[in-house]
2 protein chains.
Amino acid sequence: MPRRFAVLGTGALGGFYGAKLQKAGHEVHFLVHSDYAHVRRQGLAITSKDGNFTLPEVNAYHSAADMPQCDVALIALKTTNNHLVPAMLPHVCAEKGTIVFLQNGFGEEERIAPVAGARKIIAGLCFICAEKTGPGAVLHTDYGYVRFAEYTGNGAPAGVTAACRNLVDDFRMAGIDADCQNDYLLARWRKLVWNIPFNGLSVVLNANTLQIISDSRSRRLVWSLMEEVVTGAAACGKTIPAPFIQEMITATEKMAPYFPSMKHDYDAGREMEIVSMYGNPLAAVKQKNMTLPKIQTLYDDLRTLENQNIGSS
Amino acid sequence: MPRRFAVLGTGALGGFYGAKLQKAGHEVHFLVHSDYAHVRRQGLAITSKDGNFTLPEVNAYHSAADMPQCDVALIALKTTNNHLVPAMLPHVCAEKGTIVFLQNGFGEEERIAPVAGARKIIAGLCFICAEKTGPGAVLHTDYGYVRFAEYTGNGAPAGVTAACRNLVDDFRMAGIDADCQNDYLLARWRKLVWNIPFNGLSVVLNANTLQIISDSRSRRLVWSLMEEVVTGAAACGKTIPAPFIQEMITATEKMAPYFPSMKHDYDAGREMEIVSMYGNPLAAVKQKNMTLPKIQTLYDDLRTLENQNIGSS
């Protein structure tokens, strides 16, 4: 039966997944920042490899305080705005509802847990190539599936939970490939295997995925950064099998050349998701008395480039 | 008594030191590449913090084969052209003469040794801020001293040798601060402590020395790269005391903001001295079964950026 969804952040991911859910019959409420006036008037336009569609009318809000409590809150903000979530939560998510982090990065579930009350917390890992191309307009070029995994306070696997299964059902009914993972922390680490090299190097090397993977030096650097992610995961008790690195390389070779979101943020002079994607995993590993020097180097490069770029150093 | 000098490569360093030696009464022969016609006609013009001067007439050559055998051959090419030196040597340097590498980088003395015969091989480490500003024109903005140290085949200190003392005398008489070091390999490693972070980061971060040192993140990265150089030196049996890092940081803070030579090369689309400055020390350390992951990361970044820049990947 249809559920009520809040979409916090109507960028590429929030816009795409929220629109698909609304199209499938769910009641969806969108928190919209810069595009509010446009979306209120003209709705959302999705250009997708799976079929284009428009939603001329959507429930758009400029403030979370005006939104109704929903069964599911899909957090699709940039992680740099996650500090706003605790104040939004009572407005947008029922007390026994579900919070889903449709974000990259690491450690965001831990940060919301203290204020989540009885709400379930789910990691929603999006494997999708999509970008916002204009106000209320999303272009979806490749992939699209979502892996859900329920958060546990101690890092142990939650197994396949009811909250996860319900999300998988809703997303699949909306035409989105989805599955349920046992272990949210392992799932987060696995996602970092790709995100850590390609997001950062696209900025530092001013190159897209194909360029990065085609040059023998940067390809080797990608490989060794991925190895460090696997090392970091192991330090945190999560085993990623070695062949996974080759799988990620092969998947990237098959992908249409792509500038990851961090590169778009950098080029636009916006804050990058450096803390969530690099700082938090580095901190987690440091707690285990281990260092990841190549990732640390990339992190320091990115922080410096961001300070120059935004001019706030 | 005046000696006969060959200057191989009349860029910023070769032009500056060669001109100072000629002005002091030595017979100097300049190998000039791109500026040959200009220098042959108009000589050299030095703009220096220590006093400007011009040499309207210099001995300029377009080919080393036309040059006379000299007492001292000052190698001031880019290290990327050092493969040309063996063929030049019989023409430009007497059989009992002295070869001086007025270059940054690492491992170049080892490479010339097999063809040097009875010639002495000297590392000449230049601490100078200078750049070529036009044909035959050098701008010298800061520092200027040279540290000479004689090469030994086994990496052991040569002590203060006669060949070194002669060079120190000649340079000092020409108004160039100079001294003699016991240990060429230690001197090379010490120079890398500054060169490895600042040359590479100026390219990767598109920043000058002051910008790099002023941002807390890149300053920390500089520090950890310097620590890796010290670690590499130790692996090769050379001890650099820990306070040396702070000295280098302090010296950089006092320096006029400066783009190192690698940044000039990158911006001009020229080959960078990556192999000599990064590849060779990394290889030396690898032979000791050690890795320097942050330097390796910077090396991989630079090689990738160079391939993109020159378009020869």
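User: What does buried mean in this predicted model, and how many of the 6 residues of strand 6 of chain B are buried?
Analyst: Buried means under 20% relative accessible area. The model is a predicted one. Strand 6 of chain B spans residues 70-75 and is largely enclosed by the rest of the structure, because the number of its 6 residues that are buried is 5.

User: Which strands pair with strand 6 of chain B, and how do they run?
Analyst: Strand 1 of chain B, residues 4-8, is joined to strand 6 by 4 bridges, and B:L8 stands opposite B:I75 there. Strand 7 of chain B, residues 93-101, is joined to strand 6 by 5 bridges, with B:I99 as the bridge partner of B:A73.

User: What area is buried between chain B and chain A?
Analyst: The interface brings 23 residues of chain B into contact with 23 residues of chain A. B:L205, B:R217 and B:T304 supply 25% of the area that chain B buries against chain A, more than any other three residues. Carbon and sulfur atoms give 51% of the area buried between the two chains, which is about 2,100 Å².

User: Which residue of chain A forms a salt bridge with B:R220?
Analyst: Across the interface of chain B and chain A there are 10 residue pairs in polar contact and 2 salt bridges. In the salt bridge of B:R220, the closest N and O atoms are 2.5 Å apart, and the partner is A:D300.

User: Which helix of chain B gives the most to the side that touches chain A?
Analyst: Helix 6 (184-204), helix 8 (216-235) and helix 12 (293-310) of chain B each supply at least two residues of that side. With 12 residues, the helix that gives the most is helix 12.

User: Is A:V28 buried or exposed?
Analyst: A:V28 lies in strand 2 of chain A, residues 27-31. Beyond its neighbours within four places in sequence, A:V28 is in contact with A:F5, A:V7, A:G18, A:L21, A:Q22 and A:N59. Because its relative accessibility is 1%, A:V28 counts as buried.

User: How far apart are the C-alpha atoms of A:V28 and A:R4?
Analyst: Along the chain, A:V28 and A:R4 are 24 residues apart. The separation of their C-alpha atoms is 5.9 Å.

Methods. Residues numbered from 1 in each chain as written. Chains lettered and ligands numbered in written order. Predicted model: local features only at pLDDT ≥ 70, side-chain atom pairs only at ≥ 80, totals over all residues. Heavy atoms only, no water. Buried < 20%, exposed > 50% of the residue type's maximum accessible area, 1.4 Å probe, protein only. Pairing = 2+ DSSP bridges. Contact = heavy atoms within 4.5 Å. Buried area = accessible area lost by both parts, 1.4 Å probe. Salt bridge = Lys/Arg side-chain N within 4 Å of Asp/Glu carboxyl O. Polar contact = N/O pair within 3.5 Å; in protein donor to acceptor, adjacent residues only side chain to side chain.
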